[in-house]
Amino acid sequence: MIQNYLKLALRNLLKDRGYTILNVLGLTVGITFSLLLILYVSDELSFDRYHEKADRVVRVGSHVKETENEFIWASSQLGAADALKNDYPKEVEETVRILGMGNVEFHNGEKRFMEKRFYFSGEKVFDIFTLPLLEGDPNTALTEPNSIVLSKSVAEKYLGAGGGYLGKTIQNSANENWKVTGIMRDMPANSHILFDALMSDHEIRKQVAANPNNWGQFNAFSYALLRPGVDPAAFESRIGEMYEKYMATIFKPLNIKINYMVQPIVGIHLHSGVTEEPEPAGSLAYVRILGLTALFLVLLACINYINLATARATRRAREVGVRKAMGSSRGMLAAQFLTESALLALFSGTVAVTLAWLLVPVFNQIAGKELTAEALFRPQILGGLGVMLILAGLVGGAYPAFVLSGFKPVAVLKGNTSFAGSNSALGGKGGGGMLRKGLVVVQFAVSLLMLVATGVIYDQLMFLKNKELGFRKEQVLVLRPDPRTTRRSELLAFRSALQQNPAVVSAGSTFFSPGSDDVYKNVVNVETNEGMKDIGIDFTAVDEFFVKTLGMEVVQGRDFDGTPGDTLNSVLVNEALVKKMGWTDPIGKKLKWNLDEKTPFAHVIGVVRDFHQKSLYNPIEPIILAYRPVCYAMHVRVRPDKFPETLKSLETTWKTSFPAQDFKYAFLDSEFEKQFAADNKRGLLFSIFSGLSIF
């Protein structure tokens with residue numbers, strides 16, 4: 001019987017090739033791109049789950065509450081990891097601190113590279129995270145000073161292919177030798193933190209042991225491996241007492257409260273909610289949207305199939321009538337039509353998997369992922385494919401099957417084949433026509449919803465790109481000499497040489513580029529209308545040329561002029577700080593960030609218009625700009641014409657000033673736009689699949 005169903009189904013599909021091709025095309029497009037979206041969603045939901053102990057690993061961040069402000073950091077103090085293990089042995093099995101180095105240069109002979117994923121840590125990192133070593137012993141790899149564990153790809157980059165890396169060395173910019181004591185596999189991309197190298201924190205351990213009361217610097221990622229059965233939320237409540245034990249003497253006089261926040265690592269990527277993440281976080285909202293888009297694609301393809309099948313019913317009415325007259329039951333006819341739809345779905349699914357396999361590299365470029373085609377055969381992806389085939393084969397074919405099999409043989413053989421409302425043909429009033437109209441309405445509604453959502457996302461991205469920043473980012477190059485090997489005199493000579501270049505409009509330096517999210521947070525003793533108060537305020541430093549170079553506007557007072565008086569006794573503030581303090585006349589107001597009584601107060605000499613020091617996702621916060629004649633992020637505004645020649649002259653100036661350092665530069669506008677690069681990719685991804693759903 002089944003063989004007969006298959007034979008008849010195949011014959012009918014081949015007989016009406018146009019109808020078959022239309023349905024196969026629609027289902028194939030829907031299933032192909034739904035598979036890719038499911039692959040994306042599955043990857044987003046899989047972050048950090050490859051660690052063998054992932055369900056017990058947590059990161060301890062810091063929730064800082066001031067009198068008038070609060071913020072959450074992913075980091076905690078250097079001593080936090082040790083204290084957690086020593087004070088809570090019943091809850092904590094092991095801890096480790098991981099300390100970032102920022103952008104650092106390492107080299108081996110002529111091979112020089114800037115690295116941003118080199119971290120200090122200890123050997124316990126291998127007990128907490130699953131980081132298999134290809135060479136070396138995880139129990140001893142990070143015990144000795146100046147020992148380093150490299151990822152396989154980084155080892156090949158510095159030391160060549162072939163293995164046998166143990167005992168070899170690479171050097172940092174200060175020409176310190178770091179001995180290779182281990183080689184680990186490259187970490188999967190679905191990690192909230194990625195290690196290209198782990199360096200022994202031997203010196204940091206000595207520093208913590210020598211100064212156990214240093215609880216004022218939040219510069220380490222602290223991880224804990226909880227014992228089986230320990231609830232992270234209950235543990236978070238338990239460690240609240242650490243504030244009184246370790247931090248109150250420092251922060252209570254300043255009216256600052258610190259609460260530790262415990263985050264299971266499997267939830268960090270999509271539920272972060274903190275600043276200073278080591279890698280860009282994901283968006284749970286986008287994951288849900290793209291998951292719904294995948295469902296819509298299959299749903300719309302099924303609706304197309306239903307509509308085409310019901311519209312084609314008239315052509316098959318006589319077939320149904322003849323077969324019923326010859327004894328076929330309604331169930332047999334329904335089974336025949338369901339077999340046809342199942343064959344269509346199965347063939348479309350096979351083609352869709354092949355297309356998805358071929359399109360994974362293109363999809364990776366659009367989505368910014370590193371997915372593999374083999375991932376299509378993971379159980380969850382195959383499960384999703386199975387659901388789609390059931391939807392397309394059974395649900396999509398169910399209504400046509402049961403409607404067509406319900407035709408009354410007498411009516412259709414007499415020529416009454418009106419499908420959309422014929423009582424005699426359907427045995428019911430107007431069912432087919434009303435359903436088809438309803439399904440078309442659903443299709444239009446979904447398409448309009450996708451169009452509106454695409455427009456909203458596009459408008460949001462345009463708003464971010466075109467928002468007034470408070471400075472001009474175009475035609476500005478950022479040059480960063482290595483602060484560990486660059487002398488003050490060399491940097492001053494470099495800036496002077498840049499300013500004498502006819503292609504350079506202006507050159508000025510700062511600690512941190514605007515839009516980078518980098519800034520110091522200092523407790524500042526500041527003059528208010530109620531007297532002096534200690535308040536946490538963002539802080540950076542600039543030279544006397546920086547404000548002009550970036551086209552910032554001084555709305556009150558004056559800019560720095562580089563005189564000796566500016567060095568210690570003058571600051572600029574932004575409008576947000578003036579508003580926060582309630583100052584009617586900010587010029588001359590006193591403040592100091594070193595709370596030592598012997599330190600003299602600085603005075604406000606000018607107010608700059610509000611600008612985005614942090615990303616556009618953060619509101620503009622009060623900030624202090626102190627004067628420093630030497631800062632290591634040089635910003636150079638160049639003339640737009642003859643840029644290749646200009647760049648060559650800048651490289652010549654760089655090599656004259658820093659012959660041992662490779663010339664590297666970045667465009668400020670490109671650096672600034674990196675902050676919403678992930679949203680750009682998600683927006684593009686959604687727009688493409690929105691267009692496909694409409695197609």
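What covers the buried residues of helix H8? In this predicted model, the cover includes strand E3 (76-77), helix H3 (80-87), strand E13 (218-226) and strand E14 (257-264). The helix itself runs over residues 242-251, and its buried residues are Met242, Tyr243, Met247, Ala248 and Phe251. These sit on the same side of H8, because the arc they cover around the axis is only 125°. Turn to the other side of H8, and Lys245 and Thr249 are exposed.

Next come the nonpolar cores. The largest one has 48 residues, and within it Leu35, Phe363 and Phe689 touch the most other members. Six helices each supply at least two residues of this core: H2 (17-45), H10 (284-311), H12 (330-367), H13 (379-404), H16 (431-466) and H23 (677-694). H2 gives the largest share, with 12 residues. Ala248 has already turned up here as one of the buried residues of H8.

In soluble globular proteins, nonpolar side chains tend to be buried together. Some nonpolar residues of this model are on the surface, though: Leu355, Trp357, Leu358, Phe377 and Leu382 form a nonpolar patch there, with about 470 Å² of accessible area together. H12 gives the most to the patch, with 3 residues. Leucine 358 is found in H12, and its relative accessible area of 57% is why it counts as exposed.

Phenylalanine 471 is a contrasting case. This residue is found in the loop between H16 and strand E15 (476-479), yet it is buried, with a relative accessible area of 5%. Its contacts, leaving out neighbours within four places in sequence, are Pro514, Leu550, Met552, Phe611, His612, Leu668 and Phe672. The C-alpha atoms of phenylalanine 471 and glutamine 613 are separated by 9.8 Å, although the two residues are 142 residues apart along the chain.

Charged side chains also pair up, and the count comes to 30 salt bridges. One of them joins aspartate 43 to lysine 369, with the closest N and O atoms 2.7 Å apart. This pair links distant parts of the chain: aspartate 43 belongs to helix H2 and lysine 369 to the loop between H12 and H13, 326 residues apart. Aspartate 43 is buried at 10% relative accessibility, and lysine 369 is buried too, at 13%.

Another bridge brings together aspartate 543 and arginine 495, 3.0 Å from N to O. Here the aspartate is in the loop between strand E18 (531-542) and helix H18 (546-549), while the arginine is in helix H17 (residues 488-499), 48 residues apart from it. Aspartate 543 has 0% relative accessibility and counts as buried; arginine 495, at 10%, is buried as well.

Methods: Residues are numbered from 1 along each chain as its sequence is written. This is a predicted model: local features need pLDDT of at least 70, side-chain atom pairs count only at pLDDT 80 or more; totals for chains, interfaces and linings use all residues. Side-chain values use heavy atoms; hydrogens and water are left out. A nonpolar core is a set of buried Ala, Val, Leu, Ile, Met, Phe, Trp, Tyr and Cys residues joined through side-chain atoms within 4.5 Å. Buried means under 20% relative accessible area, exposed over 50%, partly exposed in between (1.4 Å probe, protein chains only). Helices (H or I, at least four residues) and strands (E, at least two) are DSSP runs, numbered from the N terminus. The arc is that of the directions from the helix axis to the C-beta atoms. Contact means heavy atoms within 4.5 Å. Patches are made of residues with over 30% relative accessible area and no salt bridge: like charges are joined within 9 Å, nonpolar side chains (Val, Leu, Ile, Met, Phe, Trp, Tyr) within 5 Å. Accessible areas come from the Shrake-Rupley method with a 1.4 Å probe; for residues, only the protein chains shown count as cover. A salt bridge is a side-chain nitrogen of Lys or Arg within 4 Å of a carboxyl oxygen of Asp or Glu.
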